[in-house]
Amino acid sequence: MEKNFGRVVINGMMAAETERHIAEQKAALELHPTWAEGHLHLGLLYRVHANRVSEAKSELLRALELNPALADAHVALGEIYVAEGDMARAREHAEYAAQFGNPRLLEQLQRYL
């Protein structure tokens with residue numbers, strides 16, 4: 001019982017910390033709405049929350065709209081598509097990511113699929 005209580009406390013603390021970071025990132029983006037990396041960071045923070053995947057996708061797509069060469073945004077978006085079972089979109093973003101310097105997702109897709 002004590003181990004579960006500790007996990008609950010730690011999970012609560014981490015969720016609160018993530019929410020604080022999300023609020024900070026949103027405030028920064030209010031000042032700099034065209035900051036592609038800021039949208040990437042916010043999208044990555046939203047991914048931490050399983051129930052905020054659509055917000056993550058929206059932020060990652062905005063980051064790519066502002067900077068199509070943002071390889072890490074392509075990787076993160078591709079990973080979301082893998083989880084959703086949309087392998088065509090996942091591969092598309094994996095290929096873009098590799099083109100822009102991050103081949104990790106493409107290598108994983110080639111290795112495991």
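Does Glu-24 count as buried, exposed or partly exposed, and at what relative accessibility? Glu-24 counts as partly exposed because its relative accessibility is 42%, where buried means under 20% relative accessible area, exposed over 50% and partly exposed in between, with a 1.4 Å probe and protein chains only. The model is predicted, so local features need pLDDT of at least 70 and side-chain atom pairs count only at pLDDT 80 or more, while totals for chains, interfaces and linings use all residues. Residues are numbered from 1 along each chain as its sequence is written, and side-chain values use heavy atoms, with hydrogens and water left out.

The protein chain holds 6 helices and 0 strands; helices (H or I, at least four residues) and strands (E, at least two) are DSSP runs, numbered from the N terminus. Along the sequence the pattern reads α-α-α-α-α-α. Of the 113 residues of the protein chain, 34% count as buried. Among contacts with a separation of 6 or more, 44% are accounted for by residues 24 or more positions apart; contact means heavy atoms within 4.5 Å.

Glu-24 lies in helix H1, and its C-alpha atom is separated by 9.4 Å from that of Leu-42, 18 residues apart along the chain. Gln-25 is also found in helix H1. Gln-25 is buried, since its relative accessible area is 12%. Leaving aside residues up to four places away in sequence, Gln-25 touches Trp-35, Gly-38, His-41, Leu-42 and Leu-45.

Leu-40 belongs to helix H2 and is buried, with a relative accessible area of 6%. Residues up to four places away not being counted, Leu-40 touches Leu-60, Ala-63, Leu-70, Asp-72 and Ala-73. The C-alpha atoms of Leu-40 and Lys-57, 17 residues apart along the chain, are separated by 9.7 Å. By the same exclusion of residues up to four places away in sequence, Leu-70 touches Ala-36, Glu-37, Leu-40, Ala-63 and Leu-64.

The packing of the helices can now be described. Two packed helices are described by the angle between their axes and the distance between the axes. Axes are lines fitted to C-alpha atoms, for helices over the stretch in contact, and angles run from 0 to 180 degrees between N-to-C directions. H2 and H3 pack at an angle of about 160 degrees, with their axes 8 Å apart. H2 is therefore roughly antiparallel to H3; angles under 35 degrees count as roughly parallel, over 145 as roughly antiparallel, 65 to 115 as roughly perpendicular and the rest as oblique. In this contact, residues of H2 including Leu-40, Gly-43 and Tyr-46 meet residues of H3 including Glu-59, Leu-60 and Ala-63. By class, the contact of H2 with H3 has 8 nonpolar, 2 polar and 4 charged residues. Here Ala, Val, Leu, Ile, Met, Phe, Trp, Tyr, Cys and Pro count as nonpolar, Asp, Glu, Lys and Arg as charged, and the others, Gly among them, as polar.

For H3 and H4, the packing angle is about 145 degrees and the axes are 9 Å apart. Residues of H3, among them Val-53, Leu-60 and Leu-64, meet residues of H4, among them Ala-73, Leu-77 and Ile-80. The contact of H3 with H4 has 11 nonpolar, 1 polar and 2 charged residues.

H2 and H4 pack at an angle of about 25 degrees, with their axes 10 Å apart. This angle makes H2 roughly parallel to H4. Leu-40, Leu-44 and Arg-47 in H2 meet Asp-72, Ala-73, Ala-76, Glu-79 and Ile-80 in H4. That contact of H2 with H4 divides into 5 nonpolar, no polar and 3 charged residues.

The remaining part concerns Leu-106, found in helix H6 (residues 104-112). Leu-106 is buried, with a relative accessible area of 14%. The C-alpha atoms of Leu-106 and Ala-94, 12 residues apart along the chain, are separated by 4.8 Å. Not counting residues up to four places away in sequence, Leu-106 touches Arg-91, Ala-94, Glu-95 and Ala-98.
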